[in-house]
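Here's a quick tour of one protein model. Have the sequence and the 3D view open as you read.

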Amino acid sequence: MRVVVNLTRCQGYAQCAFLAPEVFRMRGAEALMYDPEPDDAQRERVLRAAAACPVQAILVDHVDDKEAAVESATTGPAVSARTAAPSRTAGWPGTDRHDAAIEALRRHGRIVIVGASLAGLAAAATLRREGFTGSLTMIGDEPHRPYDRPPLSKQVLDGWVPASHTGLPRADALSVRWLLGVPATGLDPAGKRVHLGDGGFADYDRLLIATGTRARPWFNPDEAALDGVFVLRTRDDAAGLHDRLADRPSRVLIIGGGFTGSEVASACRSRDLAVTLVERGPAPLVGALGGVIGAVAAGLHREHGVDLRCGVTVTRLEGDTAGRLRRAHLSDGSTVDAEVAVVALGAVRNTEWLRDCGLAVGDWGVGCDAGCRVFDAAGVVTDDVFVAGDVARFPHPLYDYQFLALEHWGNAVAQAQVAAHNMVSVPAERWPHLAVPVFWSAQFDTNIKSVGVPALADQVVIAQGSVAQRRFVAAYGHQGRLVAAVGFNQGKWLEGYQRLIEAGAPFPPGLRGVDDPADGQPVAAQMPDHRTRIRHATVAVTGHDPSERRAGLLHHH
């Protein structure tokens, strides 16, 4: 039995924790934890909990969600899926409008998914649900079938759930040819062939790129190799870090105060381990939520005993003669003695295998249109190569068609479902990926949930609740329009803000009479300067006649 909770939907009503307490647990007011692979003896309780969930967030033995897929595809500015979705969704089994080529593809085609990930599995499930009966191959560089990553920094590090018990449902029931532990090393779009690390290859009629991201390593390889230095991205990373934390190190150093670093700090403090977190910015989470709400996060850390060092960086890790981590040197001249260091400096998109294949690929990800079709280097979409999940960079109409790359669980599922549908549909029946970004984090028994894109905002206002009580909703605006909202233990309100964002509502939002704050005046959001960019691949254009004009990517090292 396998369980997934779509925490982008969960609003913390806790019915599941009452009905199946051995599987679902509430931390604090709203932070839900669960066992992804409970004993089959719990099945009846889990099914009752799933039926009782007011928002139907509990998925038992499946990961695809047809209703969510329709909503992602049909919800846009001032449009609701509840009114816009057709009575019979175009392109699903039962429709008779597919042309002969699409019908042949559905019956006998070859689809290859590179990336044995959440996005890859969601796409595979959608393809089978929509009637694709052809060959389906999934390629993954890890030896494991798809597993759920969010529990790794929460339930696994807490010691409640083993890392091996995070497998995603339906991986065994989709008639997939698995090529695991074999990375993709190259792509030939003209020949429709994926090259593999073992010298083999996989031919395709349609390709989905879902290679996601990996943890950014420590910059010094010798220091990264010290015993006690970890990153956290994979199941094996989590298992190794859990075992080391079980040995009760004298102090854990966390380098980076983003969501992963903050969740690791929370897990360590729940085990009563001494923790020092070093963040180069003025506060944790400042890159995603800005300085105003970052300051609230900083308060959470300090209230729970974290030694928080902001505005400094780790310049060097020092080991003993046996190669074990012993000390970190900071940019302010101080040192921190630690036996374990967790490097949480963000992620690197897995695009190197696509270098020089002619597609729009760089450190920023894989460029695509709103239908998940990949651009070539000249910006022209292809019809047989699609992308979904953390590695995708796509335009969103709600945000002035800016290209977004989102490392969110909900986005990976919704985008994969749209991509899979479009792969086996004629152009007139394809969907756009219009889902409003939603993500969550559980830290120090606090549920932090966001809708929209806070990083694009220039102002923020406390729209509901109390910052002092750590129960509030912060609304984010850009040039007079609502673009995001973040709740601390206020998940039940976020769906309403999502609808306002979709409708292009003004900022500040005109809410009255629902948990009004004492002072609801907008202030500067204190976002980092987004004009400072790392140099990525750029493009050189050649030729003079329109028939000769070509664009080529220039990679900088």
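The notes below cover a sheet, a hairpin and the cysteines.

## Ground rules

This is a predicted model, so local features need pLDDT of at least 70 and side-chain atom pairs count only at pLDDT 80 or more, while totals for chains, interfaces and linings use all residues. Numbering starts from 1 along each chain as its sequence is written, and side-chain values use heavy atoms, with hydrogens and water left out.

Strands pair if DSSP finds at least two bridges between them. S5 (residues 110-114) and S11 (residues 206-209) do it in parallel over four bridges, with valine 112 opposite leucine 207.

## The S28-S29 hairpin

S28 (residues 438-443) runs antiparallel to S29 (residues 446-452) over six bridges, and valine 438 has valine 451 as its bridge partner. Two residues separate the strands, and phenylalanine 444 in the turn has a positive phi of about 50°.

Six of six residues in S28 are buried (under 20% relative accessible area; exposed is over 50%, partly exposed in between; 1.4 Å probe, protein chains only). Val438, Trp440 and Ala442 cover one side, with Phe439, Ser441 and Gln443 on the other.

## Cysteines

The whole structure has zero disulfides (cysteine sulfur pairs within 2.5 Å). Cysteine 310 is partly exposed because its relative accessibility is 25%, whereas cysteine 357, at 12%, counts as buried.
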